[in-house]
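These notebook entries record what I looked up in the structure shown here.

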Amino acid sequence: MNFCHITPTRYLDIFASGRRTHLLLAHLVEEDAKYAEWYAEEKKRTNCQIILDNSAFEMFGRGLPMYDSSKLVNLAKQVNADYVVMTDYPGDKSRKTIHKAVEMYPDIRANGFKSFFCPQSEPGDIGDLLNAFIWASEAQEVDMIGFSILAIPMAYGITDNNKYHIMLARWKFLEELSNTRFFYNIHKHGKKLHMLGMLDGPNELMIVKDYLKFFNSWDSSAAVWCGLNNISFDNSPTGLKNGKFKEHVDFSHDSATIDQIATAMKNVKYIDNIVEKICGRQI
């Protein structure tokens, strides 16, 4: 499994260079020329795997409409992406996201990209979310499946106020999936899996360690963004005793001190060491 450390543009050389997999945000590819150029050059230099995210988490968190799906293929071309995250609809019935994926897939495939599907459901409807994952594990329109930090807690009816349950949400969901044909299907059909973001601390990696062998990649801004805000991972049960740092990443941030960069690097190594311990050496 490869870990993608999300970082402000100014610090890509420090924290992202040389990694095998990267997750890029569509709205930044469009708005930040330096961000897009850096990843396009990194692809040429290392032939890394690039996933173009649709920025749904960021748009949903800010109360904005979902990113214009018609733009995603053109943005993917700019950075020579491998996968395009198809438009998804947090908080809506799974069929809305499924129908959109079926609609988008032919254009994604015709332009030489692979598809990334992020299942969704209405709040409290864990059955619908499970069905969406089963559909994805069998559908020809899906090459990679994303496990959202929004969709899964929401389907259990968990809010940010319940830290204990939210930290365990994806582990519990993986346990439920293990009682279905999901993992058999992804092996049979050659699907890849990706963990989107991180819940209340880096030790979520340890909680789901028995399932990481099934995953291609995982992304999070936690290590770098916490460090740039003087927050170090710690020896608490979650790895962040005060919980997730809620401030949205400022991708234009460019004023970090040497000490802040050192803290961020220490956090990055904390995650990388866990991944290496569980999965073998990765970068």
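I count a contact when heavy atoms lie within 4.5 Å. The model is predicted, so I take local features at pLDDT of at least 70 and side-chain atom pairs at pLDDT 80 or more, while totals for chains, interfaces and linings use all residues. Residues are numbered from 1 along each chain as its sequence is written, and side-chain values use heavy atoms, without hydrogens and water.

Leaving aside neighbours within four places in sequence, I found Phe147 in contact with residues including Phe133, Phe173, Phe182, Leu193 and Phe215.

I located Lys191 in the loop between helix H10 (182-189) and strand S7 (192-196); helices (H or I, at least four residues) and strands (E, at least two) are DSSP runs numbered from the N terminus. Lys191 is buried without a salt bridge, and Asp143, the nearest side chain of opposite charge, is 5.8 Å away. Buried means under 20% relative accessible area with a 1.4 Å probe, protein chains only; a salt bridge needs a side-chain nitrogen of Lys or Arg within 4 Å of a carboxyl oxygen of Asp or Glu. A polar atom of the Lys191 side chain lies 2.4 Å from the backbone oxygen of Ala139.

I noted Trp38, Tyr39 and Glu42 among the buried residues of H3. Their cover includes helix H1 (12-15) and strand S3 (49-53). At the N-terminal end, Asp32 caps H3, with a side-chain oxygen 3.1 Å from the backbone nitrogen of Lys34. Just after H3, Asn47 takes a positive phi of about 55°.

Notes
Buried < 20%, exposed > 50% of the residue type's maximum accessible area, 1.4 Å probe, protein only. Lys, Arg positive; Asp, Glu negative; His and termini not counted. Polar contact = N/O pair within 3.5 Å; in protein donor to acceptor, adjacent residues only side chain to side chain.
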